[in-house]
Amino acid sequence: MSDAPEPPREKEEDSNLCDREEEPSEDSSEEDEASGETEMDFLRSLFSRTLGLGSGEKVLDELTLDGVARYILSGKCKNIICMVGAGISTSAGIPDFRSPGTGLYANLQKYSLPYPEAIFQIDYFKKHPEPFFALAKELYPGQFKPTICHYFIRMLKDKGLLRRCYSQNIDTLERVAGLEEDDLVEAHGTFYTSHCVSFLCRKEYNLDWMKARIFSDEVPKCEKCSSLVKPDIVFFGENLPAKFFTSTTTDFPRCDLLIIMGTSLQVQPFASLVNKVSKNTPRLLINMEKTGQSDALMGMLGFGGGMDFDSEKAYRDVAYISTCDEGCMALAEFLGWKAELEDLVKREHALIDSKDKQDKAKLANQTVKAEEKTATETGNSDKLE
Ligand SMILES: [Zn+2]
């Protein structure tokens, strides 16, 4: 049996800079748990396919945005999970690292890295943290202003419909939009908090502290033990946050509607989450292009067939091709929430603008005072001389 088929593997995705692969590590009880879970899912999926259990009940009356809206309003849809990626933050001016020409690739050359991925590799970072912090400074957003899409997710929360938001983004905009710790799984970590890298210390620092270090061009060092301080984003060679594994296990089987926005579903293990909801759970994709579609071979082998928007057998997947903001606004209109969403965005943006103004005024004031102080001191020293 030399030509026995190889066990199916996860499809090799383009090895992009932000892809995070699960790497084997010594202390990985969560990963063991997670792979056990995957095996269970596989068996469950295999049995349900072979025995025709729980497959293909049509929940949406129509595979359109309108149909999704009617389902949400029906009262049967109580647990919505959002899966989001860089596309929901592009209208906030946050560069999508994956798009060529938007910064990262062009910018890396000057850091004389051994190879581009090194800048996000934990081992390299611990020895040479400077390039990472220089890049962080360069790409630091001028303003943290969540988008219509972020506030649409916030509305789902306010209406008691959001089970959880799974984000690949590290920009903290979900939090700025009003999602709380418990509403959120930041699968690739976050800039919101930072920690001392010393296992004995692990002192936490907030975003303001980190921002001050980044903009003063100093490598952030722990105030307690002088070790390096690293933003809590997941580097290559690091495990995903434990919460990712624990929450997916409880959330996805209970999901009534999966809304996937602004992600090309190419980063594992995030991408495979779309197959963790039940066979009947409708899945809505709002994105600039269709993605996550089934790979025929993988489908035949029983490995979660991916999304099916267009085939004759399509029964639950809806693709709405647009920007995330437009898609959310359109969905809000079908739901009768449009005015409410517009008000929320206007109100929250006004708050952010006024806070920005205050901060700038405060900063200007401090600068003036510092200049006055310098002037006085210089004046005094003049007199003394
Ligand atoms: Zn420390």
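Reader: Where is T193 found?
Author: T193 lies in strand β4, residues 189-196. Strands here are DSSP runs of E with at least two residues, numbered from the N terminus. This is a predicted model, in which local features need pLDDT of at least 70, side-chain atom pairs count only at pLDDT 80 or more, and totals for chains, interfaces and linings use all residues. Residues are numbered from 1 along each chain as its sequence is written, and side-chain values use heavy atoms, with hydrogens and water left out.
Reader: Is T193 buried or exposed?
Author: T193 counts as buried because its relative accessibility is 15%; buried means under 20% relative accessible area, with a 1.4 Å probe and protein chains only.
Reader: Which residues does T193 touch?
Author: Leaving aside residues up to four places away in sequence, T193 touches E204, Y205, P231 and D232. Contact means heavy atoms within 4.5 Å. The side chains of T193 and D232 are also joined by a polar contact of 2.5 Å, that is, a pair of N or O atoms within 3.5 Å, one able to donate a hydrogen and the other to accept it, where residues adjacent in sequence count only if both atoms are side-chain atoms.
Reader: Changing topic, why is β8 largely enclosed?
Author: Strand β8 (residues 283-287) is largely enclosed by the rest of the structure because 5 of its 5 residues are buried. On one side these are R283, L285 and N287, and on the other L284 and I286.
Reader: In which sense do β8 and β9 pair?
Author: β8 and strand β9 (residues 317-321) pair in the parallel sense over 5 bridges; pairing requires at least two bridges found by DSSP. The bridge partner of L284 in β9 is V318.

Technical notes: Helices (H or I, at least four residues) and strands (E, at least two) are DSSP runs, numbered from the N terminus. Buried means under 20% relative accessible area, exposed over 50%, partly exposed in between (1.4 Å probe, protein chains only).
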